[in-house]
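This briefing goes through one protein chain for a reader who has the model open. Please keep the sequence and the 3D view at hand.

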Amino acid sequence: MTDVWADGRVRLGVGWALVAVALLMQAALFPRQSLWADEIFSLAMATGHSLEQPADRADPAQGDFVQGDTARTAADWRRYIQHETPAAGPGRVVRAVFLSDTNPPGYYLLLSGWTRLLGASDWTLRIFSVVWSVACIPLIMRIAARVGPPSLGLMAAALFVFCPPACYYFAEGRMYSLLWFCTVAAIYFTIRLGESPVRLWPSVMWVLVSAAGLLVHYFFVFPWAAMVGFLMVKPGSDRRWWLVLRCVLVGALILPWYLRLPESLQAWRVTMDWQNLRPSGFGRFSAARDLLLQFLSGRTLSLWHTPHAIEFLALGAIAIAAGVTTWRLRARVFAGPRLLIWLWLVAAWSGPLAVDAWRGTYTAGIPRYAIAGLPAACLLIAGGLAGVGARWRMVLLATILGAWSVSLVSIYRWRWRSGSPTREVAMAVAAKGDPAELILVHSIPSGVLGLANYAAPTAEIASWVGQLGTRRVPDSLRSLLAGRALVRFVRIHDVGEPAPEETWLRENAVVVNESRIGPALVLVCRPRGAATF
């Protein structure tokens with residue numbers, strides 16, 4: 001078995017096969033799940049449209065989101081997620097990110113260039129993420145080649161492709177796949193720096209990918225701190241003063257953005273309080289446990305279902321491999337680059353916990369905020385498998401992948417992402433685009449635009465973003481509903497904002513139908529005692 005995996009041509013062939021399988025899996029998932037609010041937000045930022053600034057700071061000339069006093073067609077709303085002519089430049093993209101997001105602008109700037117070339121559509125958004133996810137596979141294999149035997153890289157890559165959280169976020173139109181790429185690239189060059197005397201190429205690449213990671217997602221700082229700490233404690237052939245110089249260069253590259261970070265984090269936004277919303281059933285200990293176990297058991301709470309027996313099957317197989325390998329290697333399980341992989345996983349996992357301890361938030365209840373540690377978990381699981389005999393290795397690997405397949409099936413059965421049945425709601429309430437009807441959407445701006453993205457172009461849509469404070473009951477309702485024979489009220493992805501307009505409609509109109517599509521509420525209302533409102 002070892003001789004087979006030692007053949008570079010075999011490893012290359014299997015590596016390409018894994019890439020093909022990953023692409024096929026995502027191609028099957030693409031059409032099943034519509035974009036959810038955060039993905040719509042990505043398109044808005046990449047096209048230079050700010051969505052979450054205070055109403056009095058909105059500048060229509062700069063493409064900022066404005067509710068307006070009247071309804072607009074779905075086609076008109078969509079301009080917030082499309083490139084203008086001429087397209088917005090990098091400066092306006094950075095401005096939109098500064099006003100609307102709490103993430104750095106790196107991902108959005110790259111996505112802006114990508115969508116200017118290929119168009120701002122669902123497919124181009126998600127293919128952009130797939131490109132970065134696929135690019136992680138050879139890097140994971142290269143890291144593995146410096147940590148263990150030849151079979152380690154293929155097992156780690158296979159685990160990465162089939163791990164349910166990886167499959168779920170592989171193509172999500174957010175920065176998580178780019179965060180993976182920056183992290184695994186930085187880890188690879190960290191290992192390279194300790195292997196040989198100082199060379200210009202690994203040093204330059206380490207600086208560039210480190211700066212890129214810090215400009216893609218703030219939580220990159222946790223695995224990056226693990227890398228810096230590792231090189232400081234175990235520099236190998238590197239020099240500590242070279243490490244200090246490289247860190248200074250990284251700081252110089254990110255300084256223009258990070259100088260404005262305090263102002264950015266303190267600014268008011270529509271969804272500024274979402275991290276302060278306590279998830280249902282949240283517990284600090286259970287959240288910390290689940291952040292780690294998502295990489296091992298294949299379950300991620302609130303996103304898909306996995307029976308406990310299946311979770312225990314995967315965890316049992318991993319525990320057996322880990323126990324045998326630890327017994328054989330003993331202290332060497334933390335030797336050399338293996339220690340770096342452990343530090344990487346622990347840092348990514350503990351990052352959200354540290355943020356919550358500092359700010360009193362509930363970040364640990366959001367599984368994706370530890371996602372940078374997923375490749376590390378795959379490498380460590382593969383390392384455990386590599387330490388057992390060839391026959392048992394394949395049995396345990398098959399057991400893990402078989403258990404994970406149950407979660408994968410659940411992912412493919414879900415018709416929407418992150419509790420946002422955007423397309424399904426749009427098809428239910430805005431498929432015809434009847435001008436006599438009004439669709440009133442109580443949501444955040446990206447929720448309104450998500451529904452407009454899938455609605456009939458002529459559908460008349462009015463937004464009710466309560467956080468902006470520009471709507472009043474009943475005056476705003478009377479203005480919006482005037483002359484309408486029917487109103488379809490939609491409450492979706494409201495981030496905890498009360499809906500007084502819903503209460504008014506229930507009390508002053510006739511509710512002819514009430515339904516739920518997943519977590520979304522849909523009311524169909526007619527005027528009481530008149531043909532029109």
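The structure is a predicted model. Its chain contains 23 helices and 6 strands. The radius of gyration is 25 Å, close to the 24 Å that the globule rule gives for 533 residues, so the chain is as compact as a globular protein of that length.

**Overall dimensions**

- Taken along the principal axes, the box filled by the C-alpha atoms of the chain is roughly 80 × 50 × 40 Å.

**The sheet and a helix across it**

- Strands β2 (residues 437-442) and β4 (residues 486-491) run parallel and are joined by 6 bridges.
- Within this pair of strands, L486 in β4 is the residue opposite E437.

- The volume of the second largest pocket is about 600 Å³.
- This pocket is lined by 29 residues, of which W342, L380, I381, G383 and G384 are the closest to its centre.
- Four helices, α15 (284-297), α16 (308-329), α17 (337-359) and α18 (374-386), each contribute at least two residues to the lining.
- By residue class, the lining consists of 21 nonpolar, 6 polar and 2 charged residues.

**Cis peptide bonds**

- The bond from T85 to P86 is a cis peptide bond, with omega near -5 degrees.
- P86 is located in the loop that runs between α4 (74-77) and α5 (90-100).
- The peptide bond that joins V473 and P474 is also cis, and its omega is about 10 degrees.

**A positive phi value**

- S418 is a residue other than glycine with a positive phi, near 50 degrees.
- The loop that holds S418 lies between α19 (390-413) and α20 (422-429).

Key: Residues numbered from 1 in each chain as written. Predicted model: local features only at pLDDT ≥ 70, side-chain atom pairs only at ≥ 80, totals over all residues. Heavy atoms only, no water. Pairing = 2+ DSSP bridges. 1 Å grid on protein atoms, 1.4 Å probe; cavity = no way out; pocket = protein on both sides within 12 Å on 5 of 7 lines; lining within 4 Å. Points joined across faces, edges and corners; volume = space filled by probe spheres on them. Nonpolar A, V, L, I, M, F, W, Y, C, P; charged D, E, K, R; others polar. Rg over C-alpha atoms; globule rule 2.2 N^0.38 Å.
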